[in-house]
Amino acid sequence: MAQPLRRKPVFPFTAIVAQEEMILALLLAAVEPMLGGVLALGDRGTGKSTAVRALAQLLPDMAVVPGCRYNCDPARGCAMPDDCASQGDSMVPVPVVDLPLGASEDRLVGALDLERALTRGEKAFEPGLLARAHRGFLYIDEVNLLEDHLVDLLLDVAASGENVVEREGISLRHPARFVLIGSGNPEEGELRPQLLDRFGLAVELRTPQDLPTRVEVVKRRDAFERDATAFCERYAEAEAAQRARILAGRALLPHVSVPDAILEEASKLCMALGTDGLRGELTLLRAARALAALEASAEVTISHLRRVALPALRHRLRRNPLDDSSSTSRVERAVVESWGDEPDRS
């Protein structure tokens with residue numbers, strides 16, 4: 001078996017200060033990839049990209065077919081055997097692929113390999129970013145500024161889990177299942193409703209306004225930049241504990257039960273908020289079950305629903321001309337009306 005690739009030091013996930021909502025959402029997406037990803041909207045410089053890369057670094061290496069350009073799982077076999085004749089497996093870090101705003105459609109979905117076509121006269125496919133992101137994370141910064149035709153492509157792939165290419169005499173399909181992570185500043189433009197609805201969880205980020213938190217953020221970032229290796233060693237034990245927690249949550253997830261009464265409460269909340277379709281209930285259920293698994297609970301409770309209701313539903317509300325309050329306030333109000341104030345945990 002090939003040796004794991006050597007990793008460049010990445011800011012530890014457990015060293016991130018504040019931004020509890022984003023941290024929880026990313027952990028839930030790591031436990032339950034079926035959630036549909038995470039959308040993080042808010043101020044620049046609040047640690048969005050840092051958190052995504054830190055989470056990927058936190059996850060254990062994954063097995064791939066050696067030399068496979070599609071990150072295929074050896075246990076399932078290579079999806080493109082003509083391109084990959086290798087056997088066995090090798091361990092590689094979970095991929096985090098950035099989708100630049102100016103990326104072309106060819107760069108995203110793949111295209112004809114011009115070099116092989118010109119030098120060898122062969123018609124071959126050059127995989128794009130979707131192939132590289134398979135079984136990992138596709139990160140889109142400023143997702144609200146993404147061009148419409150790329151949004152349409154992402155919607156199709158997110159729904160099917162496959163990238164279908166029919167162009168330039170090429171006809172093929174390959175698996176493309178990834179956790180979609182988007183970030184952006186809502187002041188610079190709104191996200192298309194079709195793409196907004198595809199994100200499982202949506203979190204809001206704000207620059208910390210209290211002095212101790214701001215000082216701690218700067219101190220940790222400065223310490224990491226001065227000596228990344230020593231800084232990572234300080235958090236190695238916490239990282240290992242968090243990794244074990246994620247793996248235990250993944251193992252427990254299929255066994256977490258959801259009582260009918262909890263399903264009814266989830267549906268009542270979505271009906272009270274007037275969410276379109278049933279994706280709100282499904283996401284609320286999946287997020288609550290992932291939270292229960294993460295906390296080693298065998299059954300979903302109202303407490304789990306309450307804690308995931310805001311990120312699962314805030315981006316699915318219709319605009320109400322008679323209510324000018326924010327979607328966050330509307331969800332919080334509906335939660336209190338449905339289940340009362342949260343009990344004091346102290």
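Okay, let's start in a loop: Pro 74 sits between strand E2 (62-64) and strand E3 (90-92). Helices (H or I, at least four residues) and strands (E, at least two) here are DSSP runs, numbered from the N terminus. Before going on, a caution: this is a predicted model, where local features need pLDDT of at least 70 and side-chain atom pairs count only at pLDDT 80 or more, while totals for chains, interfaces and linings use all residues. Residues are numbered from 1 along each chain as its sequence is written, and side-chain values use heavy atoms, with hydrogens and water left out.

Back to Pro 74. Is it buried or exposed, or partly exposed? Pro 74 is partly exposed, at a relative accessible area of 25%; buried means under 20%, exposed over 50%, and partly exposed in between, using a 1.4 Å probe on protein chains only.

Now the whole chain. It has 14 helices and eleven strands, and 45% of its 346 residues are buried. Take the contacts (heavy atoms within 4.5 Å) with a separation of 6 or more: 76% of them are between residues 24 or more positions apart.

On to strand E7, residues 137-141. Why call it largely enclosed by the rest of the structure? Because four of its five residues are buried. Two strands pair if DSSP finds at least two bridges between them. E7 runs parallel to strand E4 (residues 96-98), joined by three bridges, and Leu 138 in E7 partners Val 97. E7 also pairs with strand E10 (residues 179-184), again parallel, over five bridges. There, Ile 140 has Gly 182 of E10 as its bridge partner.

Last stop, two helices. Helix H11 (residues 260-273) and helix H12 (residues 279-294) have axes that come within 9 Å and cross at roughly 135°. The axes are lines fitted to C-alpha atoms over the stretch in contact, with angles from 0 to 180 degrees between N-to-C directions. So H11 is oblique to H12: under 35 degrees counts as roughly parallel, over 145 as roughly antiparallel, 65 to 115 as roughly perpendicular, and the rest as oblique.

And who touches whom? From H11, Leu 263, Ala 266, Ser 267, Leu 269 and Cys 270 meet Gly 280, Glu 281, Leu 284 and Leu 285 of H12. By class, that contact has six nonpolar, two polar and one charged residues. Nonpolar covers Ala, Val, Leu, Ile, Met, Phe, Trp, Tyr, Cys and Pro; charged is Asp, Glu, Lys and Arg; the others, Gly among them, are polar.
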